[in-house]
Amino acid sequence: MDWTAIREGDVTMAQHAELGQLLRGAFAHLPGLYPGVRTWSSLRPEARVIGHDDEGAAAAAGVLRRVIQVGTTDQLVGVVGLVAVRPALQGHGVGGDLMKRVNAYLADLRVPFGILTCADERVAFYQRAGWHRLSPPRRAVFSRDDTTEAAPFVDEIERNTLVLPVTAGLDDWPDGDLLWHCAPI
Ligand SMILES: CC(C)(COP(=O)(O)OP(=O)(O)OC[C@H]1O[C@@H](n2cnc3c(N)ncnc32)[C@H](O)[C@@H]1OP(=O)(O)O)[C@@H](O)C(=O)NCCC(=O)NCCS
C-alpha cells in the first residue's frame, strides 16, 4: 500500500473518482451519500490521507481544521471523518494503518487535538488508534449539513465524541458543551 497525505486542492478528478468508489463501497449502508465524484457528505475536507494499491484508493480519511466552541473556549481542532477501508480489505489492519497516518498528519498540522464522532460500534476501533472518548458524554450542538439550506441545529447528548491529544495533553481538553457552529465532516 502506498500512503499519501494530500491537500484538497491537489486531489485530481481521477482520485475523486476512486475516492467516490471507495466511499460508496465502505458506506453501502448509507446509499446516495456519495454520488459520482461527490467525495464528501456535508463539509468538504481540506486534506485527505489516502492508501493506494493496484486497484485504486483502498483506504482514506478526510481532515478539516476548525475552531469549535467548547464551553467558553474557542478550541482549534483537526476534525477527522470520511474514514473508509475498501470492504474486501476490512478486518486485516488496513484501518489501523490508516489511523496511524491520520494521527501523524494531525501532528504535521500541529493542531492541539483531533476530534471525531462515530457510531457505538466504531468506538473500539478509534480507541485502538489512540483516541479517547470524552466521558461523561457531552452535549453537542451541531448542524447536520452546511452545504444546503439552513436547518435547525441538532442539540443532543453525544455519547461518542473522541479526541486525540496531538500537541496538547488530554487533560487540556476544555470542560463544557461542544458547540460546533457547523457540521462535523
Ligand atoms: C471502520 C473501518 C475503517 C476499520 O477498518 P479495518 O481495516 O476494518 O480495521 P482494522 O482491521 O485495521 O482494525 C484496527 C483495529 O481495530 C480493531 N477493531 C476494528 N473494528 C473493531 C470493532 N468493531 N470492535 C473492536 N475492535 C475493532 C481491530 O481488532 C484492530 O485491532 P488490532 O490493531 O489490535 O488488531 C472499516 O471497517 C470501514 O471502512 N468501515 C465502513 C465505514 C465506516 O464505518 N467508517 C467509520 C465511520 S466513523
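**Exercises on strand β4 and its neighbours**

In the hairpin of β3 and β4, where 2 residues lie between the strands, Gly71 adopts a positive phi near 60 degrees. This is a predicted model, in which local features need pLDDT of at least 70, side-chain atom pairs count only at pLDDT 80 or more, and totals for chains, interfaces and linings use all residues. Residues are numbered from 1 along each chain as its sequence is written, and side-chain values use heavy atoms, with hydrogens and water left out.

**Exercise 1.** Determine how β4 is paired with strand β3 and with strand β5.

*Solution.* Begin with the criterion: strands, which are DSSP runs of E with at least two residues, numbered from the N terminus, pair if DSSP finds at least two bridges between them. Next, take strand β3 (residues 56-70), which runs antiparallel to β4 and is joined to it by 11 bridges; Leu64, for instance, has Val79 in β4 as its bridge partner. Then turn to strand β5 (residues 113-117), which runs parallel to β4 and is linked to it by 3 bridges, with Gly78 standing opposite Gly114 in β5.

Methods. Helix = DSSP H or I, 4+ residues; strand = E, 2+ residues; numbered from the N terminus.
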